[in-house]
Amino acid sequence: MTGIELAIVAFALMLLAIFLRLPIGLAMGLTGFFGIWYLMGHPSVTLSQLKTLSYDTFSSYSLSIVPLFLLMGQFATKSGMSGALFEAASDWLGHRKGGVAMAAVGACAGFGAVCGSSLATASTMGQVALPEMRKRGYSDALSTGVLAAGGTLGILIPPSVILVIYAILTEQNIVKMFIAALVPGILAALGYMLTVAVMVRINPDSATTAERMPYAHRFRTLLSIWPVVVIFGLVMGGIAADWNWVKPGVQALFTPTEGAAVGAVATGLYGVMTGGLTWKGFLDSILSTAQATAMIFFIVLGAQIFNSFLAFTQAPQMLAEWVSTQGYAPLVVLAMMLVAYLIFGCVMDSLSMILLTIPIFYPIIEVLDFGLTPEEAGIWFGILALIVVEVGLITPPVGMNLFIINSMARDIPMSATYRGVAPFVVSDLIRVVILVAFPGITLWLVGVMF
């Protein structure tokens, strides 16, 4: 059995194990372990790897950014920022047809800027916005659909844990990945708002209008969201802005890891000052962060073992060489990868998809000619992959955001949530096509700042 044949068999067995509900990290780790055992004839190679692989993986300075951003998201959830964001957005947009749903999208985008987690954004904003929309007569489909879709902005608008993992796997600059995600993230929010506007025109009974607020009141509520603006500006400005114009290049105020620490402290202090973050909430945040970090690190370790197996088989390199000699158009290969992400998204979570596919897909991207530099191609593909992974969070049958939102209103049939989210999936797919056709949209801001 050749290396690539062995890799295909192992990949199929690993997917079978995942579909049988074996934890993704364990499935990848066991597949890699037994794969290397089969290749070497004995398990000593993997056993000797484990003692160094675990330390090398978990002692990575870049990976330390993950628990800090997770903690920042936990503090943001507990501090009550979501309510202020939704109230401000609702006061500015609520008087329009479907305006409260648009306000929910805007609030999700703002909360995602200090959270970095799709599931946390969907859960937190759902608790705030879903009762309000239902009280104002919005249809069940529109109410749940817009919140499920809006929650996906949590992993696209930086800071994003998934972008950090992608940058580490592909050795990309984390700051450049964050900057590249800004314009697509804004396009996503605007696209969702436009989708709401189209939906309420097609079905006017699905939404209502609220009372128009005077501008004095609007500006007062706008002032209430200053913490979000300050924290986002502090984190992104500190890691991406040029603070020393005399020296050439960007002289950042602090590294991404230091920026995550500053963001976590600032969010925690805001929660304490406003009374939203109690001692119990602080302890719950620490515990939740530890649990999520342990889960992510376990999956990363399993992925590292599986990647070691792939390195032994040389399958990614052989596959990349095979693709480059077939004469396929680069955009055709890219389209096949994105479709694969859509399929995987129906049965897997976003982190698992990234860790499972990047070691296979990225070597192929490196050998294809998109008319971009290798670094630009890596950044562009990362944003595209993240967007399609994001679509997987709202596609049936197991889109995680759909179940989170639906669990908050169990009297709403899941079929209504599926109907409500379908137009937003279409919006996402249109956005993917635009970003594929025009890479400059993704790379423009990176080029300006670097």
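In this protein, confidence is lowest in α16, at a mean pLDDT of 76, and highest in helix α11 (residues 174-202), at 90. Here pLDDT is the predictor's confidence in each residue, from 0 to 100, and helices are DSSP runs (H or I, at least four residues) numbered from the N terminus. The average pLDDT of the protein is 83, and 97% of the residues score at least 70. The model is predicted: local features need pLDDT of at least 70, side-chain atom pairs count only at pLDDT 80 or more, and totals for chains, interfaces and linings use all residues. Residues are numbered from 1 along each chain as its sequence is written, and side-chain values use heavy atoms, without hydrogens and water.

The largest pocket has a volume of about 790 Å³. A pocket is an open set of points, on a 1 Å grid over the protein atoms alone, where a 1.4 Å probe fits, with protein on both sides within 12 Å along at least five of seven lines; lining residues have an atom within 4 Å of a point. Of its 32 lining residues, Leu70, Ser117, Leu119, Ala120 and Met295 are the closest to the centre of the largest pocket. Helix α7 contributes the most to this lining, with 7 residues.

The second largest pocket has a volume of about 540 Å³. Its lining comprises 20 residues, of which Phe11, Leu319, Ile360, Phe361 and Ile364 are the closest to its centre. At least two lining residues come from each of α1 (3-19), α16 (315-326), α17 (330-345) and α18.

Notes:
Grid points are joined across faces, edges and corners, and a volume is the space filled by probe spheres set on the points.
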